[in-house]
Amino acid sequence: MKDLKVLLVEDDKITNFLSKKVLDIIGITHVEAVLDGQKAIHFMNNYCPDLIYLDINMPVMDGFEFLEAKKKAGFSMKTKVAILTSSDMQSDRDKACNYPCVIDYIVKPLTVDKAVKAIKMLD
């Protein structure tokens, strides 16, 4: 697996820990994690990930607010997003599809198969 930079945007520390373990299993070692969308926007001023695993339901700034802020800030269009959420609502899936940077919609937990699928969509 190529050496990718991944950003986890997730308010649950246990989910971040488990997601990092899954990514480590498939050879992704450059993984950073932040606890909400606002922190992710600030973090991206100095870090340009190849892929963001983004939760939808978070305090301060949720996933959709983050996607809007990312677009307005003009962050790299090459940075792709895989929604990683507990929401299996069709309305959330449909809303996610409105963002060209969103390449996948994953219902938690992140597994090796789900992670690999999203990473393959980067090519």
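Two strands pair if DSSP finds at least two bridges between them, and strands are DSSP runs of E with at least two residues, numbered from the N terminus like helices (H or I, at least four residues). With that in hand, welcome to this predicted model, where local features need pLDDT of at least 70, side-chain atom pairs count only at pLDDT 80 or more, and totals for chains, interfaces and linings use all residues. Residues are numbered from 1 along each chain as its sequence is written, and side-chain values use heavy atoms, leaving out hydrogens and water.

**Strand β1 and its partners**
- Leucine 7 stands opposite glutamate 32 in β2.
- β1 (residues 5-9) pairs with β2 (residues 30-34) in the parallel sense, over five bridges.
- β1 also pairs in the parallel sense with β3 (residues 51-54), over four bridges, and there valine 9 has leucine 54 as its bridge partner.
- Four of the five residues of β1 are buried (under 20% relative accessible area; exposed is over 50%, partly exposed in between; 1.4 Å probe, protein chains only).

**Aromatic rings**
- The whole structure holds two aromatic pairs (Phe, Tyr or Trp rings, the six-membered one for Trp, with centres within 6.5 Å; planes under 30 degrees apart are stacked, over 60 edge-to-face, the rest tilted).
- Phenylalanine 43 and tyrosine 47 form a tilted pair, because their ring centres are 5.0 Å apart and their planes at 55 degrees.
- Phenylalanine 64 and tyrosine 99 are stacked, with centres 6.4 Å apart and planes at 20 degrees.
- Both phenylalanine 64 and tyrosine 99 are buried.
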